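Subject: Structure handover

Hello,

Here is the structure for you to look through. My notes on what was found follow below.

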Amino acid sequence: MMKSKKKSIWVFGDYRNYYQNRVTLQLLSKAVDLAQTIKAEVCALVFGHEIDEWIMEYTAHGADRILAIDDPALKSYSTEKYLAIIENLAKERDPEIILIGATDFGREFAPRLAKRLKTGLSADCVGLDITDDGLLLQIAPSFGGNMLAEIVTELHRPQMVTVRPGTFKEIPHNYTRKALVERLPLMKKLPKSRVRLIEYERSVEKEHTIENASVIVCGGRGMGNRDKFKKLHDLARLLGGDVGATRPVVYSGWADHGALVGQAGKHIKPKILFSFGISGAIQHTAGLGEADFIIAINKNPQATMMKMADVAIIADASDVLKTLIKELKKRIRE
Amino acid sequence: MLNLVVCLKQVPMVTELPWDAKTGTLRRDLAAGMMNPACKHALEAALQIKEKFSAHITVITMGPPAAEEVLREALALGADRAILICDKLLAGADTYATSLVLTAAIKKECPKFDLILCGAYTADSETAQVGPQLAEELDLPAAAYVEKLEIHGRTLRVRRMVDNFRETLEMEFPALVTVSMENYRPRYTELMGLENAFGGDGVIVLGAAALGINASLFKNKGSRTKVRKVFLRKTQKENVILQGTASAVVTEFLNKYQRKISTAIGKSIEGKLNDEE
Amino acid sequence: MQFNPCMKHKLIRNSVRHFAETELAPIAAEIDRDATFPLDVIEKMKTLNYFGLQVPKEFGGAAMDSISAAIVMEEISRVCAAVGLCVTVHNGVAVYPFIRFATPEQKKHYLPKLASGEIIGAFSLTEANAGSDAGSVETTAVKKNQEYILNGTKIFVTNGGVCDLALIFALTNTDQTRLQSSVFIVESGFPGFLRGELEDLCGMRANPVSSLFLEDCRVPEKNLLGKLGDGMKIGMTTLDNGRIGVAAQALGIAQGAFEAAVKYAKERQQFKKPIASLQTIQNYIADMATGIAAARLLLYHACSLKDEGAPFGCEAAMAKLYCSQVASKVTSLAVQIHGGYGYSKEYDVERYFRDAKVTEIYEGTSEIQRLVIARSVLSQWTF
C-alpha cells in the first residue's frame, strides 16, 4: 500500500446524522485551513455500506484524499470495528492530526482510538490553531464553558481532538473538485464486536439531547406552578428545542431530573436560551457558560440571570410565555 | 456475587470556586470538593444493582488526600470498600495517564470485577474520556452514556440514547459502562450511613509505587497532553432591557430579534405584523 | 477541641445542606405563609435518621456526636427554621431524656420508634403560670391503682399538633411545703389526652405548636420517667441539652440570613455600584460574620464538653444566649441590608427575622440563661 510522504490531516466521516449535523463538513473546512499552515493534505475517512454519497460530499467540501471502505459488514456504526480499522490505518500511515466530530459517537470512540494509538486527545474543542512551534493548539472548555484551556500534544502523534458541531463554518461545496479516492478492502481480521446491538431506532420522541440542543427554554420557580411550567414545552416545541429546569423545579416534580441544568445537571450550549423566572443561582448558571444568546424574563430586574442576559425582559414570566407562544404561532412559517 | 467497581472523581464545588481575579485562573487547591454529579449517578446505578442482586461495591478515586471525602460519602451511601490512589507523582495527570493508573489499581485490588461503572463525564474538565480509555486499557466491551442497566445472568443489557438513536446493547461480563444523568437520580445520604462511613475499616490508600508506577515509567507512559494555559472566558453581553406589558415586550422582542431566532431554529419568522392580524 | 472541622463534619454539613436545599428551600416560604407542617418532607427525613440523631445504634439511631447533631439542626434551620425546630425538639428534649433516664424496658419499647420517627415527640413543661418559673407547674398526677391520673393544661407545645408522645411534667405531691414534680411518658392515644388549636405565631409558623389538655388522662405506672420526684432534675438536665439544640437552630437561622444578605449586597446596585462596595454595608457584613463565627465556636465548645461527659450546662446556656442574640442581630441587619425589599414577603429575610426572635425566648429566655450562667460562675469563683 502506498504511503504518502506528505503530512496528513484526517477527518473522520461521521455521516449518520448528516441532515441535522454537518460537523464533518465543518471539520473538513478547518482541516483545509490547518493544512495550509503545516503544508499537509486533507484526508477524509468514510466507512460504511453504499457510501458514494459521502465520498462525493466530502470531496466537494475540501478533502484531497478519501480513504473509503465500503462493505455490508459496516452497515451500522460500530465502535469496535471502526477502532480496529482506523488503528490499522493510522499505524500504517502516520497521520499528523485526526479530527473527529464531538457527536456522542465521536466522543465515545475518540478516547479509545487515542488510547490505542498511545496519543493524547482533547475533548469537545471550541477552537483549533497552529502554535508557533507547529503544534495543534487545542482549545477546550471546562467548568461548563466558563473556562477555556489551551492544550497541546507535544511528543505524540497523531494529535487528536474532538470538535463540537457548529464550531467552524463549512466551505461552500464545489462538485467539480477532485480527490484521490482510495477504496480499501475490509481488513481480514476484523474483530467480532463484543457489544451486540439488539435494537436501535431513530428517536421520535426527542430530536436530540439537551446537551446538543440549539434552542433551550429553561424555567425556574418564578413560573409559579407546575401547570404554568408545562407551557414551556409548547414554546420549546414551536422552536424545535428542549426544556431545561433549575434544581428547585426538578425537586418540586415540575420537570424530570434529565432536564436539570447546572452544576448537578447538564451543561448546555444552545444558540438561544430562554430563561423564564430564573433568579440565576450559581448552581444553575454554572451550566450556562456556553449559551450563545440569552433572553431572561423575570419580574425582578436585579436577578443575576437578568444581568447575564443579552436581552432582559422585566415582566411576569408566565404572561410573557403565553404571549410569546401566541405570537410565534402567527409568525413562524414552516 | 457480582463484583462492581465504581470510579469516582472529586470536582470543585462551583458555589465555592475561588478565582484568582488577576490571572483568571481557578485556585483548585482552595476549592471545596464534591462528588462529580455523573459519578453519583453511576454509584446510584451500582447501589440499585446491589439492592436487586447480591453484589459488592468497590469505589475508587484518584486525587489529593482530600478526595477521601467522596469515598467516605460513597461508603455512607452503601459502597462496601474504598480505594484512594494518591501520590504527588500523579498530580496533573490527563485522561490517558489517569486511565492507566486506575487500570493498575483495579488489576491489583479487584481483579475479579464483573462490571465497572463510571460517570459519563465530569463537571470540571468534561472530557468524558476516562471511562472509554479504561475500557481500552482493560480490553473490555463497553458502552458510554448509559441510561438504564439490566442484568440477566452474565449478560448486561443497557439502553442509551446517542446521536438521536435509541439503542439497546448487550454484552457479557466483565464490562464497563459510563452512566449518564438521565436516570438513576442519586439518593440522599442517611445520617447513620455517614456516621458508619467514618468507623469501620476505612479507606485503602495506594501510592504510585504500590501500583508499580515510578517517575520514569510515568514519564513515558503518562500524560500525552499538556495544558499550556487556562483562562476565564469573558463574554460581552449587550444586556438590552425591555419593559412593559407582556404583549408590548413580546412584539418588541420579536421585531428586533426575528432574524436571530430564525437562524437558530431553522424556520423563518415574519418581521413586523400588523396589529390587526 | 479541634478548630478545623473534620472530614466527617464537613460531609455531614454538605449532605444535610443538599437535602435541605432541595427538599425544604422550595417550600419554606409557602409553609410559613400557610402555617402547614410539611408531612411529606418529614417522612423522607424519618428514613434518613433525622429523628434519631444521637440515639444509640442498638436502638436504630445514628449515634452521632454532639457537634454532628448540632450541624444537622443548624443546616436544616438555615433553610427552614420551623422544620429545624421540629427536629431540634424531638431530638434535643423528647428523645434525650429517654437516653438519660429511661428504664431498659422503656428504652426498648420507645427508642426504636422515636429514632425512626414512627413516633414524634414533644416536651411539655410550660403552662400558663409556669414559664421561666418551672417549679410552679399546676398539672397534677394522682396515683390510682396501677395508673397515674393526670389533669392540667400545657401550652406552647412545639410539635404539639403532630406529636405521638409527650413528656408531661406534673406534680406528684401538692403539699405546698414539699412540692414534688415528676415526668410521665404520655402517648397521644391515651384516654384523656387532647390537643388544642394550633397557635398563630409570629415565626416558626410551619411548626404545629399547640396546647395539650390532660383531662383525667390515664397513664400506666410504668410510664413514669426516672424516679418519682425527679421532675426538676430531668427538666433541668434536658433543658441543658435542649439549649444546645436551640443554639444550633439560632446559628442556622443567622447563617441563612447572612448568606442572603451577602448575595443581595453583591447584586443590588445603588449609586451605580453594588451596595456591597459601600463601607456601611461592609461594616454590617463584618459584624454579622464575626458574630456568627464566635457563636459557632461557643456552640461547638459546649458540644465537645457534652461528648467528653463533662458538665456543660453553663456553656450550653452561654451558647444559647449568644447564638440567639446573634440570630436576632444578624437577621435584623439582613432585613436592613435588603431595605424595603427585606420587609416584603418576596424575600426570605423577613421570615428569618421573625423566626430568630423566638430563639431568645423559648427553652429558657435570655434572662434565664443569664441567671444560669451567673449562678454557675458565682459558684465556681469562691474568692
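Chain C splits into domain 1 (7-119), domain 2 (122-230) and domain 3 (232-380), with bounds taken from an automatic or database domain assignment. The C-alpha centres of domains 2 and 3 of chain C are 30 Å apart. Between these two domains, 14 residues of domain 2 of chain C are in contact with 11 residues of domain 3 of chain C; contact means that the C-beta atoms, placed from the backbone, lie within 7 Å.

This is a predicted model, in which local features need pLDDT of at least 70 and side-chain atom pairs count only at pLDDT 80 or more, while totals for chains, interfaces and linings use all residues. Residues are numbered from 1 along each chain as its sequence is written, and chains are lettered from A and ligands numbered from 1 in the order in which they are written. Chain C has an average pLDDT (the predictor's confidence in each residue, from 0 to 100) of 94, and 98% of its residues score at least 70.

Helices (H or I, at least four residues) and strands (E, at least two) are DSSP runs, numbered from the N terminus.

In chain B, strands S1 (residues 2-8) and S6 (residues 55-62) pair in the parallel sense over seven bridges; pairing requires at least two DSSP bridges between two strands. B:Val6 has B:Val59 in S6(B) as its bridge partner.

Regards
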